[in-house]
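Visitor: I am new here. Please walk me through the terms as we go.

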Amino acid sequence: MRKYQLFAISACAAVALGIGGCAAKTEAVTTTPAETVETTAETTADVIETVDGTIESMEETQAEALQSIRIYGTVTRDESGRLTIDNQSGQSYSGEIVLNVSDEETLVLDAVEGLPVNIEDIKDGDTIYVYISQAMTMSLPPQTSAEMILCNIPADFKVPDYVTVDSVVTDAASSKAELTTADGTTFEIPSDCTILPYLTKNIVTMDDLSQGRTCLIWSDDQGVAQKIVVFAE
């Protein structure tokens, strides 16, 4: 009888220990997922913050890459008819640069009137202003794409600026406006400034100088615009 009682007591103790062990395991399983979720949430937040910063940096870099560079110098033709400019602007690569010209993507304009010019009319020794891509080959001489070529430049003539509009702020009292370009250059636009469309009969006004619009601006030495030619969007 005594042995039976001892056996029963041992059995009860074992059951109690088993229940205690199960309870401990249950508690561990219950708390671990909550801690894991919290840790994962914190890690995810950190990752999102890092990615946002990277994307913003990439967008800024791409925006800068879209800005063309203005160079100038005398031009020559090689045997294949390609134009080579002796860049003397101090911008981009100094010396000879081969210009890749496309009928679809390159505007060749008279610097005085802003009207199209046949590229064949550009002669060896002419001085031209060219807006080029920042992308350039590693060859010698390097090659790059020409976005716009301004030619037929008279002596001592202030060549117009090819710009991308960032903003225009108008002073209601004076009717004058200040145009800021994508690279931060500012121009004063007086109320009597001539604003024309490029090769169309559409009527354009100051309101058409919206952000992202490209145009040619003829101005004086003080940055006061005298004429603006607005290109189609």
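Guide: Let us start with the words for elements. Helices (H or I, at least four residues) and strands (E, at least two) are DSSP runs, numbered from the N terminus. On that basis, Leu199 sits in the loop between strand 10 (194–197) and strand 11 (214–219). This is a predicted model, where local features need pLDDT of at least 70, side-chain atom pairs count only at pLDDT 80 or more, and totals for chains, interfaces and linings use all residues. Residues are numbered from 1 along each chain as its sequence is written, and side-chain values use heavy atoms, with hydrogens and water left out.

Visitor: What makes Asn152 partly exposed?

Guide: Asn152 has 42% relative accessibility, so Asn152 counts as partly exposed. Asn152 is in the loop between strand 6 and strand 7. Phi of Asn152 is also positive, near 55°.

Visitor: How do you know what confidence the model has in the protein chain?

Guide: By pLDDT, the predictor's confidence in each residue, from 0 to 100. The protein chain averages 80, and 72% of the residues score at least 70. Over residues 1–63, pLDDT stays under 50. There the model has zero contacts beyond four places in sequence, a contact being heavy atoms within 4.5 Å. Where pLDDT is low, the predicted coordinates should not be read in detail.

Visitor: Why does Thr144 count as buried?

Guide: Thr144 has 2% relative accessibility, so Thr144 counts as buried. Thr144 lies in strand 6 (residues 143–151). Beyond its neighbours within four places in sequence, the contacts of Thr144 include Ile97, Val98, Leu99 and Ile132.

Visitor: And Gln143: buried, partly exposed or exposed?

Guide: Gln143 has a relative accessible area of 23%, so Gln143 is partly exposed. Gln143 is in strand 6 too. Not counting residues up to four places away in sequence, Gln143 touches Arg82, Val98, Asn100, Ala135, Met136 and Thr137. The C-alpha atoms of Gln143 and Leu99 are separated by 5.9 Å, and these residues are 44 residues apart along the chain.

Visitor: What kind of peptide bond joins Leu140 and Pro141?

Guide: A cis peptide bond, with omega at about -5°. Pro141 is in the loop between strand 5 (127–132) and strand 6.

Visitor: What makes something a pocket, and what is the volume of the largest pocket?

Guide: The search uses a 1 Å grid over the protein atoms alone. A pocket is an open set of points with protein on both sides within 12 Å along at least five of seven lines. A cavity is a set of points where a 1.4 Å probe fits but cannot get out. Grid points are joined across faces, edges and corners, and a volume is the space filled by probe spheres set on the points. The largest pocket has a volume of about 450 Å³.

Visitor: Which residues line the largest pocket closest to its centre?

Guide: Lining residues have an atom within 4 Å of a point. Of the 17 in the largest pocket, the closest to its centre are Ser68, Tyr131, Tyr162, Val163 and Asp183. Strand 1 (69–77) and strand 7 (161–170) are the elements that give two or more residues to the lining. Strand 7 gives the most, with four residues.

Visitor: What makes Ser68 partly exposed?

Guide: Ser68 has a relative accessible area of 28%, so Ser68 is partly exposed. Ser68 lies in the loop between helix 1 (2–66) and strand 1. Leaving aside neighbours within four places in sequence, Ser68 is in contact with Tyr131, Ile132 and Glu147.

Visitor: Why is Asp192 called exposed?

Guide: Asp192 has a relative accessible area of 65%, so Asp192 is exposed. Asp192 is in the loop between strand 9 (186–189) and strand 10.

Notes:
Buried means under 20% relative accessible area, exposed over 50%, partly exposed in between (1.4 Å probe, protein chains only).
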